[in-house]
Amino acid sequence: MDKNMKAKPRIGDKAAKAVIWTAALLVIAVLVCIILYVLAKGLPVISWSFLTEVPRNMGREGGVASTIVSTLLVTFTAIVIATPLGIGTAFYLAEYTKEGIITRIIRFSAESLAGIPSIVYGLFGFVFFVEILGMGWSVLSGGLTLAIMILPTVIRTSEEAIITVPKSYREVSFSLGGTKWQTIFRAVFPSAIRGITNGVILSVGRCVAETAAVYLTLGSTLRMPTSLFSPGRSMAVHFYLLASEDISMENAYGTAALLIILIFLINVVANTAVNRMIAKNAKR
Amino acid sequence: MIKFKEKLSGRIFFALALSSISVLALITVFIVVKGAPMLGAVGGLSWDPEYGEFGIIPMVIGTLAVTLGAAVIGVPVGICCAIFLAEFAPLKMRNIFRPAIQLLAGIPSVVYGFWGLMFIVPFIRDHLGGAGLSILAGSVVLAIMILPTIISISEVALLSLPPHYKTGSLALGLTHWQTIYHLMLPAAKSGIMAAVILGIGRAVGETMAVILVLGNAVAIPDSILSSVRTLTTSIGIEMGYAEGMHQEALFATGIVLFVMIMIINSLAQYVVRKK
């Protein structure tokens, strides 16, 4: 239908089209500018020793190994805590209850808390975990804080994925004599797993990128963390401190480039997961 | 045995849901309890914790100013991009643009702040005067950061319109742009509004990107080149060493932020549901 049905293009059309193309190209230009700038300055810094050496002299020398380990540990802790809680809650909401006051309360609080600024989570984590519970700055404090931060997102994306599983799957399972548990685990869960995974992967990205909340709860020591109770410094915090206190611009760029590469990889994994899900559904 | 398993699994899911909701309730109650005592004291114009002055009005103004600036820049550009993606972009460009926008959403906010410090701040200092650390710099950085939210949600709103809107309008002889402007945009209005409101919510809540480019002066701004401090940066800067009343005042700041975001999100939900 496209070209043949279109009326004569008028001046207004051309002007509007020009404005829209300009806006789109502008956004691409800014994106390319930010990414190329960081990569151009940062990639030359990244080397095997940058990745494997512990920072020395406040981060002026050496690499970023301990910040990579801290980032991974705190993210892993957050995911391990938030994933079962979030997915379990989503299944409860979608499969076990009828719409009612409880579901509405859970959904409302999840929706409200999903938009709360991360600094507020940091504030809470700092006073509650670090001070009141006496965990100090530690992987555990940081992980718990991040877990609470991503919990609303995990609940929402998982519930979304579960709800979109066609009703017929459940009906067939029940009609074959399947119990509720069997239906959930053999019929619903396998179909929803991609969507759930996507939500979790995006949450991993948020944990890796988070700065303020992690700074307040994980601390900022450069030593290699050895247990759940050791403090540490995440890559994002390391970048912030190196850059804002003008300690080492070179290493700051290196860290930022590493972060962008990491986020890019996380996005690629998430997209592949979604595409495979779409392809799988299309086959059916 | 099967019955037992059934019961047990139901209980487990219930327990998980209960834990989630208690955790979410805990954080809300905790912040309210911690901040409530100082909530009456934060209405002033002056913030000087050493002298017991805890007025957060300058920070509220700072937050509103930077957010408004970000919206003024980011909203038109974002909506144009959404129209571009939904209507104009060649398939190949669309396939590059979409993941690029997603990447834009994932980049740590502190990297944006730093980029702003390296590019935007010196540019403002050299061409517009002042220190460069300003509302304007913060607005530009935040405008870029809220683009992914605005673009992706508006694009979905445009794409989910029934195709006969467009085909019918084109068949009646309207041009492509007339169709977009007079039919598609009004029809997708609620989705686009929600996108804008959620983008604004993101701008209000952002900390690290603005901490680097605003200058963080506690003062009521007199121009867009003034340095300001937002509610979020105030917490971020002072949390590490605040004690006693000072800490409670930061929690009260947290409550104010909490309420602002709740209002913004409820507004977004209301707009979507009204449809």
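**Note on helices, domains and the chain contact**

1. Helix H2 of chain B bends by about 30° at B:Gly74, and a proline, B:Pro76, follows within four residues; the bend at a residue is the angle between axes fitted to the seven residues ending there and the seven starting there. Helices here are DSSP runs (H or I, at least four residues), numbered from the N terminus.

2. This is a predicted model, in which local features need pLDDT of at least 70 and side-chain atom pairs count only at pLDDT 80 or more, while totals for chains, interfaces and linings use all residues. Residues are numbered from 1 along each chain as its sequence is written, and chains are lettered from A, with ligands numbered from 1, in the order in which they are written.

3. How far apart are the end C-alpha atoms of H2(B)? They lie 44 Å apart, which agrees with the 46 Å that its 32 residues (57-88) should span at 1.5 Å a residue, the expected span being 1.5 Å times one less than the number of residues.

4. H2(B) packs against helix H5 of chain B (residues 135-159) at an angle of about 35°, with their axes 6 Å apart; axes are lines fitted to C-alpha atoms, for helices over the stretch in contact, and angles run from 0 to 180 degrees between N-to-C directions. By class, this contact has 23 nonpolar, 6 polar and 1 charged residues, where Ala, Val, Leu, Ile, Met, Phe, Trp, Tyr, Cys and Pro count as nonpolar, Asp, Glu, Lys and Arg as charged, and the others, Gly among them, as polar.

5. Chain A is assigned domain 1 (2-45) and domain 2 (48-283), with bounds that come from an automatic or database domain assignment. The C-alpha centres of these two domains of chain A lie 32 Å apart, and 7 residues of domain 1 are in contact with 8 residues of domain 2, contact meaning that C-beta atoms, placed from the backbone, lie within 7 Å.

6. Between the chains, 66 residues of chain B are in contact with 74 residues of chain A. The largest share of the chain B side, 19 residues, comes from helix H1 of chain B (residues 2-39), and the chain B side divides into 44 nonpolar, 19 polar and 3 charged residues.

7. H1(B) also packs with helix H4 of chain A (residues 65-96), at an angle of about 115° and with their axes 8 Å apart. Residues that make this contact include A:Pro84, A:Phe91 and A:Tyr92 of H4(A), and B:Phe13, B:Phe14 and B:Leu16 of H1(B). By class, the contact has 10 nonpolar, 6 polar and no charged residues.

Notes
Helix = DSSP H or I, 4+ residues; strand = E, 2+ residues; numbered from the N terminus. Contact = placed C-beta atoms within 7 Å.
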